[in-house]
Amino acid sequence: MLMVLSAGIAPGLAILSYFYLKDQYESEPVMMVFKAFLYGAVLTFPIMFVQYVFSVENVFHFNWSKAFLSAALMEEFFKWFILIFTIYQHGDFNEPYDGIVYGAAVSLGFATVENILYLFANGVEHALGRAVLPVSSHALFGVIMGFYLGKAKFSTQDKKKKWIFLAFFVPFLLHGLYDFIILTERSWIYYIIPFMLFLWWLGLRKVRQAKELTIEHHQRNGTAL
């Protein structure tokens with residue numbers, strides 16, 4: 001049991017630490033990041049219950065609907081919802097890069113609980129594959145979501161709605177594509193590897209852009225870095 005818990009928790013904490021330590025300007029309070037992680041963890045249970053009901057009742061018959069509606073829509077919408085209503089307005093969200101940290105924290109909270117449950121059901125031998133694919137993909141969906149929320153919070157009023165919408169839509173689209181590849185392609189591994197490389201490239205690009213926006217934000221407001 002201890003081995004499964006360790007293997008289930010370690011990837012999420014390692015990836016979250018990576019993005020947390022990338023915040024070179026004003027690190028977020030550890031308790032706030034932990035709370036965001038817990039919000040994501042708690043989300044796992046109602047979402048997985050609803051997905052189980054969908055599966056038992058055979059609500060979604062096609063791979064595209066399972067990928068985009070049962071998985072991507074449910075998971076990304078509720079992660080986005082939690083970020084908007086518990087983190088976005090908080091005083092500690094005070095620079096664009098903070099969205100990256102909180103987005104990754106919520107997503108990795110969800111991914112970590114999902115990972116633990118999967119390893120209990122299927123065995124610890126799947127731990128490496130789960131770390132490389134589902135856990136890291138959730139992290140990157142959260143990074144991209146957080147990037148757009150960071151842009152929204154520090155943009156002019158007329159652009160906020162656009163960035164808030166993209167904070168949901170882009171991760172939803174990427175998540176749907178990820179699941180669709182796995183559900184549809186018999187030799188899915190040959191398609192998912194380039195997709196994951198693209199996802200890491202995009203996520204790290206958003207990290208760099210968020211850092212640049214943070215520098216501009218501090219320069220604009222005359223605050224020291």
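Q: How do the residues of the lining of the largest pocket divide into nonpolar, polar and charged?
A: In this predicted model, local features need pLDDT of at least 70 and side-chain atom pairs count only at pLDDT 80 or more, while totals for chains, interfaces and linings use all residues. Residues are numbered from 1 along each chain as its sequence is written, and side-chain values use heavy atoms, with hydrogens and water left out. Ala, Val, Leu, Ile, Met, Phe, Trp, Tyr, Cys and Pro count as nonpolar, Asp, Glu, Lys and Arg as charged, and the others, Gly among them, as polar. The lining of the largest pocket has 15 nonpolar, nine polar and five charged residues.

Q: Which helix gives the most to the lining of the largest pocket?
A: A pocket is an open set of points on a 1 Å grid over the protein atoms alone, where a 1.4 Å probe fits, with protein on both sides within 12 Å along at least five of seven lines; lining residues have an atom within 4 Å of a point. The largest pocket has 29 lining residues, with Ala-71, Glu-75, Glu-114, Asp-179 and Leu-183 nearest its centre. Two or more lining residues come from each of helix H2 (30-56), H3, helix H4 (98-122), helix H5 (127-153) and helix H6 (157-184). With seven residues, the greatest contributor is H5.

Q: Which residue forms a salt bridge with Glu-114?
A: A salt bridge requires a side-chain nitrogen of Lys or Arg within 4 Å of a carboxyl oxygen of Asp or Glu, and the structure holds two. For Glu-114, the closest N and O atoms of the pair are 3.8 Å apart, and the partner is Arg-130. This pair links distant parts of the chain, 16 residues apart, with Glu-114 in helix H4 and, in helix H5, Arg-130.

Q: Is Lys-79, which has a relative accessible area of 0%, buried or exposed?
A: Lys-79 forms a salt bridge with Glu-76, with the closest N and O atoms 3.0 Å apart. The two are three residues apart in helix H3, so about one helical turn separates them. Buried means under 20% relative accessible area, exposed over 50%, and partly exposed in between (1.4 Å probe, protein chains only). Because its relative accessible area is 0%, Lys-79 is buried.

Q: How many charged residues are in the lining of the second largest pocket?
A: The second largest pocket is lined by Leu-13, Leu-16, Ser-17, Tyr-20, Val-30, Val-33, Phe-34 and Phe-37. Helix H1 (2-21) and H2 each supply at least two of its lining residues. By class, this lining has seven nonpolar residues, one polar and, of charged residues, none.

How values were computed: Helices (H or I, at least four residues) and strands (E, at least two) are DSSP runs, numbered from the N terminus.
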